[in-house]
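Please look at the sequence and the structure below, and then read the report on its aromatic rings and the side chains around them.

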Amino acid sequence: MKVLGDILIIGAGPAGIISVCVHHKKYPNKKIIWIDKEFNVGNLSSYPHVYANTSYKKMIQFINIMYELIDNTYKMETCNELDHNYFKLGCLCNEFKKITRIVRGFPMITSAKDRITDIRKEQNSWHCIGGN
């Protein structure tokens, strides 16, 4: 049986992006396979003008932790779509897209635009079948 990677992450929405960053930081020598149909921050990118329900300060802190996880020195300090201590999801999506572009270039991460059509467990292994 051919093993393509040590860790499989399906989805490139916020949870998928966070999972890839955390696993890469915790297991830098493990090969990560990351699959998503479009790598466009999941459905979050469909609502760029909706305000986030998390405060501006907490969201900036969260994004900066994400950059630290991938050992990037960039620090988010502001967003031009700020209103009453909240900002629009489009600003958050832009940051997640930057992080995604950086992470997809890491040598231990293989990303593929694909859809998972079947997942099965056989003995001690999971098998994923994809198809565009």
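The structure holds three aromatic pairs, where rings of Phe, Tyr and Trp (its six-membered ring) pair if their centres lie within 6.5 Å, and where planes under 30 degrees apart count as stacked, over 60 as edge-to-face and the rest as tilted. Two of the pairs are set out here.

| Pair | Centre to centre | Angle between planes | Type |
|---|---|---|---|
| Phe 62 and Phe 96 | 6.1 Å | 65° | edge-to-face |
| Tyr 67 and Tyr 74 | 4.9 Å | 70° | edge-to-face |

This is a predicted model, in which local features need pLDDT of at least 70 and side-chain atom pairs count only at pLDDT 80 or more, while totals for chains, interfaces and linings use all residues. Residues are numbered from 1 along each chain as its sequence is written, and side-chain values use heavy atoms, with hydrogens and water left out.

Phe 62 belongs to helix H2 and Phe 96 to helix H3 (residues 89-104), so that this pair links parts of the chain 34 residues apart; helices (H or I) are DSSP runs of at least four residues, numbered from the N terminus. Phe 96 is buried, with a relative accessible area of 2%, whereas Phe 62, at 29%, is partly exposed; buried means under 20% relative accessible area, exposed over 50%, and partly exposed in between, with a 1.4 Å probe and protein chains only. In the other pair of the table, Tyr 67 is buried at 1%, and Tyr 74 is partly exposed at 34%.

Asn 64 also lies in helix H2 (residues 56-69) and is buried, at 12%. Leaving aside neighbours within four places in sequence, Asn 64 is in contact (heavy atoms within 4.5 Å) with Tyr 74, Lys 75 and Met 76.

How values were computed: Helix = DSSP H or I, 4+ residues; strand = E, 2+ residues; numbered from the N terminus.
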